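Q: Please take a close look at the salt bridges in this structure, and then at the nonpolar patch on its surface. How many salt bridges are there, and which side chains form them?

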Amino acid sequence: MKNAIKYGIIIGLLSGSWIFLLHVIGVYGQQTEISDKISWLEYVSVIIPFLGLYLGIKNFRDNYNGGRLEFFEGIFEGFKIMLVGGIIASFCMTVYVQFVAPQLGTDIMGRIGGAGVVGVLFTLAVSLMLMNKQQTL
């Protein structure tokens with residue numbers, strides 16, 4: 001669990017920082033009436049969970065699991081990482097919506113749900129990439 005907490009905190013803090021950075025450079029400030037528009041900078045944010053999951057699951061495989069990783073072990077570790085990261089990122093987003101941009105409330109919650117789906121897909125992909133080849137079935 002120590003590995004999941006470490007990489008979950010990294011993902012959560014980087015995602016929260018990215019949210020505030022987007023606000024500082026004005027991405028969210030331009031979307032007061034129509035919040036359906038998504039800036040290309042928001043698409044860049046998918047790099048954060050992908051790299052965090054990749055590094056976290058790889059670290060789990062190499063340092064905690066003796067260099068071996070089965071598919072379901074990778075999925076389980078990835079879900080733990082995403083759970084911790086998701087809680088922290090959701091907290092940052094809630095603070096942002098509550099105190100900085102309350103007009104974006106419902107739109108932001110939909111994006112948090114979408115981020116959860118992306119996290120699940122990344123967990124599956126990274127687990128497939130990093131798992132060891134099975135010798136026997």
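**Salt bridges and a nonpolar patch**

A: In this predicted model, helix H5, which spans residues 105-130, gives the most to the nonpolar patch, with 4 residues. The patch covers about 410 Å² of surface and is made by Phe 79, Val 117, Val 120, Leu 121 and Leu 124. Val 120 lies in helix H5, and with a relative accessible area of 36% Val 120 is partly exposed.

Turning to the charged side chains, a search of the whole structure finds 3 salt bridges. In one of them, the side chains of Asp 62 and Lys 58 meet with an N to O distance of 2.9 Å; both residues belong to helix H3 (residues 47-64), where they sit 4 residues apart, about one turn of the helix. Asp 62 counts as partly exposed at 34% relative accessibility, and Lys 58 is also partly exposed, at 29%. Asp 62 has a salt bridge with Arg 61 as well, their closest N and O atoms being 2.9 Å apart, and Arg 61 is buried, because its relative accessible area of 16% is under the 20% cut-off.

Another salt bridge joins Glu 77 to Lys 80, with 3.2 Å between the closest N and O atoms. Both of these residues lie in helix H4 (residues 71-99), 3 residues apart, which is about one turn of the helix. Glu 77 is buried at a relative accessible area of 2%, and Lys 80 counts as buried at 17% relative accessibility. Through shared partners, salt bridges join Lys 58, Arg 61 and Asp 62 into one network.

Terms used:
Residues are numbered from 1 along each chain as its sequence is written. This is a predicted model: local features need pLDDT of at least 70, side-chain atom pairs count only at pLDDT 80 or more; totals for chains, interfaces and linings use all residues. Side-chain values use heavy atoms; hydrogens and water are left out. Patches are made of residues with over 30% relative accessible area and no salt bridge: like charges are joined within 9 Å, nonpolar side chains (Val, Leu, Ile, Met, Phe, Trp, Tyr) within 5 Å. Accessible areas come from the Shrake-Rupley method with a 1.4 Å probe; for residues, only the protein chains shown count as cover. A salt bridge is a side-chain nitrogen of Lys or Arg within 4 Å of a carboxyl oxygen of Asp or Glu. Helices (H or I, at least four residues) and strands (E, at least two) are DSSP runs, numbered from the N terminus. Buried means under 20% relative accessible area, exposed over 50%, partly exposed in between (1.4 Å probe, protein chains only).
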